[in-house]
Amino acid sequence: MKGEGKMVFFKSKMKWVGLLGIFLSVFSLFTHFLLARYTEGGASHYQASITIFSWRPIFENSDLSPNSPLYTRLWGPVRQLQFLHPQANPGGDYAAPILQTTGFVFVRIRGGFHEIRNSICDVVVIARLFNATLVIPEILSTTSSKGISSEFKSFAYLYNEDQFIAALAKDVTIVKTLPKNLKGARRTKKIPMFRVSSSASPYFYLHNVLPVLNKHSVVELVISDGGCLQTLLPPNLEEYQRLRCRVAFHALTFRLEVQELATKILNRLRARRRPFIAYYPGMTRDALAYYGCGELFQHRRSWMIKRGIVKGNLSVNSAEQRLNGSCPLMPEEIGILLRAYGYSWDTIIYISGGEVFGGQKKLIPLHGMFENIVDRTFLSTGWELSALYGHEANLVDEYQKTRPFFKEEMRRDSWKTSGPRPRPLPPPPARPKYPYNMEGWWGWVAESDNEPESTVTELRMNAHKLLWEAIDYTICVEADVFVPGFDRDGMGRPNFASLVMGHRLYQSAAFKTYRLDRREVVKLLEETRDHLYEANHTWITSVRRHMRKALVEGLAHDSTKSKPQSFLSHPLPECSCSRRGPTETSFHASSPSTQSQVEASLGVTHPCPAWMKGERISQSRDEREEDLDENDSSSSGFFFRHSVGSHGDGEIPNKEDTQMEDQEELEGAER
């Protein structure tokens, strides 16, 4: 009996020990989870190595030295642009807003991410021009999206309202809502309304809108054209251009939850202390249809022609459009360019932007050339993205879609009740529609000439896209290298990528941004179309020469093509200053190679204030590292991680060979 009692006691004691062990294990996991969730700096490496998200980066060369010539060529700053410094502060004769304003400007904005951003900058300038009080703009992409969380509405769904008001306090008076007496007038639609275009001039506002504002103390502007003020303003309004820069690059900050998630993703990207490339494909269905980049889009193009969006012909030769540089570069082509330039298979590439027409299969060749390809879904969890949206109720669509075979079903029913036999045979079974044929916009192409009305779920998804693009925008601006596949949207205007390039040009002009000439790139690709993965040394040399030129010479193209349509895509020279002193100028006078040409082409004549000139720009032989000699001895066939078998004619060079080749390039440039 004593032995049995001891055994029972021993078993109960073991149970308690087991329970204690389970409790400690759960507590440890919970502690680790909290560290991963709330620790940003110190735990970034920890987050990148455990099950917080699914990405597992693979690197072959883990000790890439920032001082090596190869690193400088691929990731180093563009030294011809290091003299540029952001300068958007107002001049000495710029007065603070007068407390007694002319009235209220109420604005409603419709469009996507880049259209909203352009429009907000314009309405601030208009309010300043009127000396009016600006009401926080209403973003129709969110207010029309029934079902989004009640925590965030309109402007505050995407941007930080308080930061916006505080940052522009010395420029314009901004309030969150209309006064009570004007809210009633708005509900009864008694507020004078103007539908304005992006090409509206200051003259239009001063002679047409301002008198109405003075009379009624309030006007409403409806913007659906990606802006409400012409891009190029007269020289006497240069201060208003700087105001646009202060709005876009300082006042418009995303709300806290978006900033926090974007910072986490950046930390996870940089957890291995490796630079990364941000790539924007730009392959949206509207852009492809607008430029006629495929016969598949004729129905959508016809829809655009009927609404005046497209003024060309319905039938367009897509091959000619591609040769003219009017179509996006395919992900496969971007991958070939990057590999030819020297980026290795283990380079981190972040894919930005929501829609890639054709789906993930279009990215398969790029995945074949680069191992570490990620996007926001790889570097975040589902609950982190859901936290951005807030609490959202389950939706039931108010718009019931028409049953596709309503007439056929009526025929079947009438046949069953059509009286005694003999009677005609029943109609044949309807052709089945499989789910993959109904997904996306092509599901309605054969059924109707009109695009169907958006469902509530689709409207809410459009609001979510604004948040996704805000995250991608932040990461693209901070990336070590940015590569746009296309810089136009479905209306023929500068798109998301153009805004990123403009922001990078303002904030850090020397960061590598490849402004590729698509027409020249297509010519290069066509030269070796049958041997893309077996390119010879001469072709690789031509690609490298073009990509180096694209870092600087592409700015001239943007200033003539993009800037007249979107000031934020090329905010030079109004929002920059030159940090080059007399010593540096005399240094380059002896060798007027490209530096003086760059300064002249950009037109940046404003010297930076004295407090900015403390940091001198190093002038050494490294100044010309961007002009490496094209005589690179790299062999061809380096587009995949391993040898490509019968189709490849070389192996990936080792670290020593690569360094020797780059050193030879550098010495060749010095000679």
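The protein has 27 helices and 13 strands. Helices (H or I, at least four residues) and strands (E, at least two) are DSSP runs, numbered from the N terminus. This is a predicted model, in which local features need pLDDT of at least 70, side-chain atom pairs count only at pLDDT 80 or more, and totals for chains, interfaces and linings use all residues. Residues are numbered from 1 along each chain as its sequence is written, and side-chain values use heavy atoms, with hydrogens and water left out.

**The whole chain**

Begin with everything shown. Of the 671 residues of the protein, 48% count as buried. Buried means under 20% relative accessible area, exposed over 50%, and partly exposed in between (1.4 Å probe, protein chains only). Contact means heavy atoms within 4.5 Å. Among contacts in the protein with a separation of 6 or more, residues 24 or more positions apart account for 81%.

Select H114, which lies in helix α4. H114 has a relative accessible area of 12% and is therefore buried. Its side chain makes a polar contact with the side chain of D489, at 2.8 Å. A polar contact is a pair of N or O atoms within 3.5 Å; within protein, one must be able to donate a hydrogen and the other to accept it, and residues adjacent in sequence count only if both atoms are side-chain atoms. Leaving aside neighbours within four places in sequence, H114 is in contact with D489, P494, N495, F496 and L499.

Axes are lines fitted to C-alpha atoms, for helices over the stretch in contact, and angles run from 0 to 180 degrees between N-to-C directions. Angles under 35 degrees count as roughly parallel, over 145 as roughly antiparallel, 65 to 115 as roughly perpendicular and the rest as oblique. On the α4 side the meeting residues are F113, H114, R117 and N118, and on the α21 side F496, L499 and H503. The residues of this contact of α4 with α21 divide into three nonpolar, three polar and one charged. Here Ala, Val, Leu, Ile, Met, Phe, Trp, Tyr, Cys and Pro count as nonpolar, Asp, Glu, Lys and Arg as charged, and the others, Gly among them, as polar.

Next select N131, in the loop between α4 (113-130) and β3 (133-135). N131 has a phi near 55°, a positive value in a residue other than glycine. With 21% relative accessibility, N131 counts as partly exposed.

**Helices α11 and α17**

Move to helix α11 (residues 256-269) and helix α17 (residues 382-389), which pack at an angle of about 155° with their axes 9 Å apart. The two helices are therefore roughly antiparallel to each other.

Then go to R273, found in the loop between α11 and β8 (276-280). R273 is not a glycine, yet its phi is positive, about 55°. At 79% relative accessibility, R273 counts as exposed.

Select helix α15 (residues 331-341). Ten of its eleven residues are buried, so α15 is largely enclosed by the rest of the structure. Among the buried residues are P331, I334, L337 and Y341. G342 follows α15 and has a positive phi, near 130°.

From E332, look for L363: the two are 31 residues apart in sequence and 7.2 Å apart in space, C-alpha to C-alpha. L363 lies in the loop between β9 (348-351) and α16 (364-369). Its relative accessible area is 4%, so L363 is buried.

**R518**

Select R518 in helix α22 (residues 518-527). R518 counts as buried, at 10% relative accessibility. A polar atom of the R518 side chain lies 2.8 Å from the backbone oxygen of G325. Not counting residues up to four places away in sequence, R518 touches G325, C327, L329, G485, F486 and D487.

**Last stop: a cis peptide bond**

Finish at P573, in the loop between α24 (554-561) and β13 (576-578). The peptide bond from L572 to P573 is cis, with omega near 0°. Most residues other than glycine have a negative phi, and most peptide bonds are trans.
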